[in-house]
Amino acid sequence: MGRRVLRLRTERGLTQRRLAEPAYTAAYVSTLEAGKVRPSETALRYLADRLGVGYEELATGRPAHLATELRLRLTDARRALATGAAEGARALFRPLRAEAAALALVPEEAAALLGLGDCALETGHLTDARDHFADAERLLADEPLPRRAHAIRGRATAHLLAGELRYACYLLETAIDELNAGGLHDPDALLLLYTASIAPYMDMGAHARAAHAAELALALAPRVRDPALVAGMHRGVARTLLAEGRTAEADASLAKARELYQQLQIRTDLAHCHWMLGYVHAQDGDLERAERELRTARSMLASKRAALFVVQVEVELADVLRRRGRPGAAEALLLPLLEVADLNADRGAVHAGGAHRLLGLIAEDRGDTERAEEHYCAALSLLERTGAAGDLADLCRLLGDLLRRTGRVEAALDAYRTGLGHRAAPGTTTLGPAPAEPPV
């Protein structure tokens, strides 16, 4: 009897050790499937507990610690992006995406793609960013909308920076409407979408909408004292738990750390709120407050090394400096942005046009009408493809006035007609067919 019990215990020990190995676990599951035996989740969890292995490992043949270790490294990469430079974070996300795909870990692969997309946005690689966010959205196609909000927001931001304002607004407004209509009032998802909608609203002249979105974003913004410190604590706890084989508890700590790092990354979004408030103050003529808000936004974005956003804020700051009687300081900000191609038709087209507009105004103030006309024409070619109707109309007015003062009345009329034509877009007239396309 004693020998039989000893033999049974030995066999059970061997079974436990074998089932702890991926190959044996996978073979066990294959045996179940071959016999068309589909045990319930309760039964599998009971067996996993008795055998000393994880439920996920028994059900899939994949050791649970591999997934948890991957999530830990994803959290490290997200921390690197939230607190440092995008280039370093990108080097961490790339191998994680490949490993997650090899292990068929869909949520983790999507998380890595979102990280790569965020890195590409901050470094100004807009085509790469669009591709990464689109791939993540495809992977999460069957998930609830709040899970896809990050990808949608990323795609919209990439289109915005490429000058496709209307499509960016369409993506964001559609997602917000769907969230509200479906009763999915997820504050994190709404915060992401509202903050992303501020910039395209501003560029399209929808100031009331931009202000409302900023108010909602600031009301939703989480208030955490030193989130990087708390997140670091959770990461340290997760490492300890993982080393002890307590993967479920490690996952819980990682989830808390990931949430805090996402909140920390909202620093970029809150910088956009300061940016928008600076714009509003500039529109109202309160130039001192406008300069203060824009400098705050610039500092916050520079700390994140968000180069493309920084140069866009600098264009608006230059406008405020010129209006405050400091044209030399404004020009010193603008010229390097255009000379080193930080801004062009494919990267910040609206602000590239704005930079040329400001340089034209500065040249005109100095009496250099030829130089002013060159800048106005350069701005016109940039803005015509963006849909920024207000900026385009104002620019056509400036160019028309300049041409009229220099005696070229017919050319001035053409400039005015171009501005009016872009303002009278399809859907803006009450009677008759859609307005004719303006001359280019």
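1. Of the 440 residues in the chain, 47% are buried, a term that denotes under 20% relative accessible area with a 1.4 Å probe and protein chains only. This is a predicted model, in which local features need pLDDT of at least 70 and side-chain atom pairs count only at pLDDT 80 or more, while totals for chains, interfaces and linings use all residues. Residues are numbered from 1 along each chain as its sequence is written, and side-chain values use heavy atoms, with hydrogens and water left out.

2. The chain contains 21 helices and zero strands (DSSP runs, H or I of at least four residues for helices and E of at least two for strands, numbered from the N terminus). Among contacts (heavy atoms within 4.5 Å) with a separation of 6 or more, 60% come from residues 24 or more positions apart.

3. The axes of helix H9 (residues 145–161) and helix H10 (residues 165–181) cross at roughly 165 degrees and come within 8 Å; axes are lines fitted to C-alpha atoms over the stretch in contact, with angles from 0 to 180 degrees between N-to-C directions. H9 and H10 are therefore roughly antiparallel (over 145 degrees). Residues making the contact include Leu145, Ile152 and Leu160 of H9 and Leu165, Leu172 and Leu179 of H10.

4. Glutamate 293 belongs to helix H15 (residues 287–303). Glutamate 293 is buried but has no salt bridge (a side-chain nitrogen of Lys or Arg within 4 Å of a carboxyl oxygen of Asp or Glu). The nearest side chain of opposite charge, arginine 292, lies 5.6 Å away; Lys and Arg count as positive, Asp and Glu as negative, and His and the chain ends are not counted. Leaving aside residues up to four places away in sequence, glutamate 293 touches His274, Leu277, Gly278 and His281.

Terms used. Buried < 20%, exposed > 50% of the residue type's maximum accessible area, 1.4 Å probe, protein only. Parallel < 35°, antiparallel > 145°, perpendicular 65-115°, else oblique.
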